[in-house]
Amino acid sequence: MKIIVTESIGSEGIQSLIDKGYQVDTRFGIEREELLKIIGEYDALIVRSVTMVNEELLENAPNLKVVGRAGNGVDNITLPACTKRGIIVVNTPESNIMAAAELAVAHAFNAFRNLTKAVIAGKNGDFRRGTFIGNELDEKTVGIIGLGRIGSIVARKLKGCNMNVIAYDPYITDERFVNCGVRKCETLEELIKESDLITIHTPKTKETIGIIGEKEIALCKDGVRIVNAARGGLVDEKALYDGLVSGKVAFAGIDVLNPEPNYNKKPEDQDYENPLLTLDNCAVTPHLGASTTEANYNVGTAVTKLVGEALEGAVVPAVNMPPLKAGNMNELRPYLDLAEMLGKIYCQVEDKPVESIEITYSGDLADKETEIITLSAVKGFLEPMVDTRVNFVNAKQIMDSMGIELTQNHNPALEKYTNLITVKFSSEEKTLSVSGTVFAKSEIRIVDFFGYKMDFEPTNNIIAIHNEDVPGMIGKIGSVLGSNGINISAMQWSSNKKAGRAESFVSVDQKASAEVLKQISALEGVLKVSQISF
């Protein structure tokens with residue numbers, strides 16, 4: 001498989017992919033037109049914050065399976081377009097948070113102490129220190145917009161400078177504010193009016209674009225300092241420019257711009273222009289939030305590990321999948337496998353269109369994260385019947401497009417087993433259900449097949465036989481299989497005495513041909529034969 005990396009990441013991560021046998025092409029700073037021409041060759045794409053992974057690019061990338069974002073946000077990636085195509089999107093939100101937080105703090109110090117202005121003056125022979133008098137951070141008020149992973153680190157570090165820390169974040173619990181030792185502002189306006197320094201640490205969404213604009217700057221204290229080391233566009237650059245020129249804003253530290261320049265062009269080739277770059281009281285850095293040796297190593301190794309695992313078919317914590325708590329994947333793995341097997345059964349034994357699927361989790365599973373297990377069942381159900389790529393990313397979307405209703409229930413009460421997954425398929429004519437359980441943390445068993453009780457270990461090749469409950473059936477079926485050189489590795493019969501019918505699962509060492517299935521179907525008493533492959 002081929003992987004293209006369009007922005008700089010640590011060499012260790014790239015080498016790890018090469019060691020696994022992947023062809024990795026590093027094309028840092030590749031021109032857009034060229035990328036559009038060649039992206040169709042690749043199975044995976046690794047980017048940082050500049051490469052736009054949008055509809056235009058995806059239309060030219062029929063083989064793309066994974067997009068890896070080395071870093072936190074994914075605002076340069078069009079998630080719905082990726083999801084529609086079953087493209088997994090992964091990022092590394094924890095890998096560079098310390099680097100990003102420390103850069104914001106560095107900008108804060110610079111904003112109060114005129115460090116960059118003094119350095120530039122000194123290089124030009126101007127050592128008149130009286131022209132660079134600044135202010136102390138001590139006892140000043142910093143307003144943090146966004147108290148997530150990075151914002152909380154910034155809060156901790158600036159509290160260490162004896163700053164009065166307040167924050168606004170409507171999505172964070174009161175407990176988080178208390179634990180961070182930060183006073184909560186109920187409104188953004190409250191924060192803006194009180195702050196000597198405003199620093200932004202939110203994702204880029206419809207709600208946060210331009211969160212600091214002309215109106216907000218007008219409400220600020222005279223001489224406020226503003227730092228944006230999060231995402232370009234969170235601060236309205238025109239309003240910021242006007243505020244800096246008028247003196248309303250004393251200084252700004254900006255690490256992100258909207259739009260961003262090409263960070264790989266040489267100075268003589270650079271054609272980027274931005275009015276903020278012309279101001280002495282605005283320090284602009286070239287998106288250095290993750291530019292530390294430690295962060296480069298962390299994001300590089302983390303994103304390449306996720307991309308490699310995704311290409312191998314492993315379940316990874318993708319951005320466009322239900323959230324999964326760290327460390328739970330190994331625990332859930334056997335249940336994911338069981339759910340997928342249960343989902344696969346219906347279309348291999350029935351031909352009636354399904355109108356709805358109901359999944360019930362009983363016993364211990366009632367308290368677990370089941371949304372991803374549900375997606376595994378849906379994935380198993382769809383794979384035999386659609387000709388597009390189906391995975392955890394797009395399974396629910398495909399189901400919705402087919403008009404199939406999906407529901408899930410939780411039932412803590414369970415007598416015979418410690419856990420049970422039941423998948424109920426409803427068509428216009430009837431409702432059929434299958435159930436399975438996991439023993440000893442990893443032993444999968446099918447325990448109910450369309451109302452017939454059993455205890456069967458699913459294997460690669462199973463022949464399911466519905467027959468009249470009469471003597472001699474086992475021998476007849478065994479004879480047909482034996483005469484065709486097919487070895488039986490396991491079998492189980494389950495009967496319904498009241499109906500006079502039985503259901504058998506016969507595990508065989510090889511897939512039976514259509515002719516063999518026809519011979520079994522022709523046996524007296526056999527009502528239906530299906531071959532199930534897990």
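Select helices α5 (residues 97–113) and α7 (residues 149–159): their axes come within 9 Å and cross at roughly 50°, and the two helices are therefore oblique to each other. Angles under 35 degrees count as roughly parallel, over 145 as roughly antiparallel, 65 to 115 as roughly perpendicular, and the rest as oblique. The crossing of α5 and α7 is right-handed. This is a predicted model, in which local features need pLDDT of at least 70 and side-chain atom pairs count only at pLDDT 80 or more, whereas totals for chains, interfaces and linings use all residues. Residues are numbered from 1 along each chain as its sequence is written, and side-chain values use heavy atoms, with hydrogens and water left out.

Next, display the side chains at this crossing. On α5, the contact (heavy atoms within 4.5 Å) is made by Ile-97, Met-98, Ala-100, Ala-101, Glu-102, Ala-104 and Val-105. On α7, the contributors are Arg-149, Ile-150, Ile-153, Val-154, Arg-156, Lys-157 and Leu-158. By class, this contact has 10 nonpolar, no polar and four charged residues.

Proceed to Ser-427 in strand β15 (residues 419–427). Ser-427 has a relative accessible area of 10% and is buried (under 20%, with exposed over 50% and partly exposed in between, for a 1.4 Å probe and protein chains only). Leaving aside residues up to four places away in sequence, Ser-427 touches Tyr-346, Lys-352, Pro-353, Val-354 and Glu-355.

Finally, select Pro-275, in the loop between β11 (249–254) and β12 (282–284). At 49% relative accessibility, Pro-275 counts as partly exposed.

How values were computed: Axes are lines fitted to C-alpha atoms, for helices over the stretch in contact, and angles run from 0 to 180 degrees between N-to-C directions. Helices (H or I, at least four residues) and strands (E, at least two) are DSSP runs, numbered from the N terminus. A crossing is left-handed if the near helix is turned anticlockwise from the far one by less than a right angle, and right-handed if clockwise. Ala, Val, Leu, Ile, Met, Phe, Trp, Tyr, Cys and Pro count as nonpolar, Asp, Glu, Lys and Arg as charged, and the others, Gly among them, as polar.
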